[in-house]
Structures are given as C-alpha cells and as structure tokens.
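Here is a short briefing on one structure. Look at the sequence and the fold, then read the points below.

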Amino acid sequence: MAKLVYTGKTKNVFELENGNYLLKFKDDCTGKDGVFDPGENSVGLTIEGVGDVNLRMSIYFFEKINAAGILTHFVSADLTETTMEVKPAKVFGHGLEVICRHKAVGSFIKRYGEYIEAGADLPAYVETTFKNDEKGDPLVTKDALIALGVMTDKQYEDLKVMTQQCTKIVADDLLEKGLVLYDIKFEFGYDKNGNVMLIDEIASGNMRVYKDGEYIDPMTLSKLFFEA
C-alpha cells in the first residue's frame with residue numbers, strides 16, 4: 001500500500017513499498033483571484049485536466065532527458081491514475097528552484113531593467129532561488145549556497161550544466177513546433193551518493209513561452225504542444 005507522506009499545492013506524494021515514491025498530479029493550480037499564475041505561491045483555482053497535461057508533458061521531457069544521459073528521478077508513469085513513480089531524492093536545503101533564462105523578462109527585467117532591454121537575449125543564464133513563500137523565493141548565489149552548507153562547489157557546477165542541458169532539450173523541441181522558450185524553472189535534488197538529479201515536474205506552468213512574439217499561457221501551451 002502507498003502511504004501519503006506529503007500534501008502539496010499541485011501534487012500529493014506517497015511512499016511505495018519498493019522504496020520509491022509516487023506523485024499524484026492534481027487539477028489544482030497556483031494563482032490569485034481565480035486567475036492562473038505559475039508564479040503565485042498559493043492555490044488559486046482548479047482547472048479540470050491540468051494534472052493530466054502536466055503529467056503528459058513531464059513524461060515526454062523526462063524520457064528525453066533520461067535518454068540524453070542526464071540523471072533524473074523519473075521511473076515510470078500511469079496516465080489513467082495521473083501518477084508518476086520516482087526515485088527517492090533529497091532536496092537542497094528546504095527546496096531550491098533553478099531558473100534558466102534565454103530572454104530578459106519577468107523578475108529578471110524588474111531587477112536589472114536599467115542594464116538591459118526587455119526581451120534581450122541571455123546566454124542560458126542560470127539563477128537559483130530558495131523555495132520560501134513568505135520571503136518571496138529569494139535569490140541565492142553559488143557562494144551563499146556553499147557557505148550555508150546547502151551544496152558543494154561540485155554539486156553547484158553539476159546543477160548549472162544540467163540545467164543548461166535540460167533547457168536546451170526543451171527549447172529545441174519547442175522551436176520545432178514554432179514556439180520560443182524565454183525561461184524555464186526546474187527543481188533539483190540529490191541521491192544517497194550526493195549526485196545531483198532533476199526532480200519534480202517539467203510542465204507548461206514552469207516555463208515562459210512565446211509564439212510570433214506573443215506570450216502563450218500554460219493551458220494554451222499544453223494544447224499547442226500536443227497538437228503540433
């Protein structure tokens with residue numbers, strides 16, 4: 001029997017008898033006042049079928065990333081149950097988000113707009129933020145991560161390279177469908193040997209994508225992605 005160990009905003013986590021974990025995708029979305037917003041820190045609405053499309057996209061990209069030889073927690077998935085079996089992984093600190101940016105938009109342009117134009121190209125720029133709703137997911141530098149004992153120098157360098165590799169896989173695939181990836185958010189953890197691994201999900205709500213210069217909202221992106 002699977003044992004519930006964590007209830008999340010968009011997924012529940014169960015422990016399996018074989019030592020792996022089961023992620024149950026939900027139709028709950030982050031947002032505010034009934035409007036879907038992947039950047040929000042609380043559940044704002046429920047959209048029927050969103051759990052299914054998030055799982056479908058996650059399966060698609062995890063299989064591609066695994067095939068490229070990049071370590072992930074993905075084992076298998078069951079679309080009828082909207083679940084994904086994953087290997088055990090520890091999170092860095094209390095949770096770390098990693099953003100890779102191809103274009104200067106969103107919070108990046110808010111911070112650095114006096115130095116760069118909105119929409120300008122960025123060289124697969126990687127930044128890390130602590131998952132902390134109350135503090136608004138604060139930015140954290142490599143030196144701080146090491147000084148705080150959250151990760152080693154090697155783990156950070158591995159994480160950065162893996163982030164850029166995963167981003168290229170997603171961006172190249174989207175480009176074939178006429179879609180341009182501006183930025184994407186990943187989560188990483190590590191296995192019992194300290195090896196960095198990609199965890200969580202790879203869904204439309206974690207990426208900012210444009211088509212013909214127009215922003216594509218996550219639900220529309222999911223439809224376009226699987227229709228193309």
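In β8, Thr83 is the bridge partner of Asp78. Helices (H or I, at least four residues) and strands (E, at least two) are DSSP runs, numbered from the N terminus. The model is predicted: local features need pLDDT of at least 70, side-chain atom pairs count only at pLDDT 80 or more, and totals for chains, interfaces and linings use all residues. Residues are numbered from 1 along each chain as its sequence is written, and side-chain values use heavy atoms, without hydrogens and water.

**The sheet**

- β7 and β8 (residues 83-86) pair in the antiparallel sense over 4 bridges; two strands pair if DSSP finds at least two bridges between them.
- Both belong to an open sheet of 5 strands, with antiparallel pairing and the order β1-β2-β3-β8-β7.
- The edge strands, β1 (3-7) and β7 (74-78), each pair on one side only.

**The helix on the sheet**

- Helix α1 (residues 50-67) packs on the sheet and touches β3 (21-25), β7 and β8; contact means heavy atoms within 4.5 Å.
- The direction of α1 makes about 145 degrees with that of β7. Axes are lines fitted to C-alpha atoms, for helices over the stretch in contact, and angles run from 0 to 180 degrees between N-to-C directions.

**Helix α5**

- In α5 (residues 218-227), Pro218, Met219, Leu221, Ser222 and Phe225 are buried, meaning under 20% relative accessible area (1.4 Å probe, protein chains only).
- On the other side of α5, Lys223 and Glu227 are exposed, that is, over 50%.
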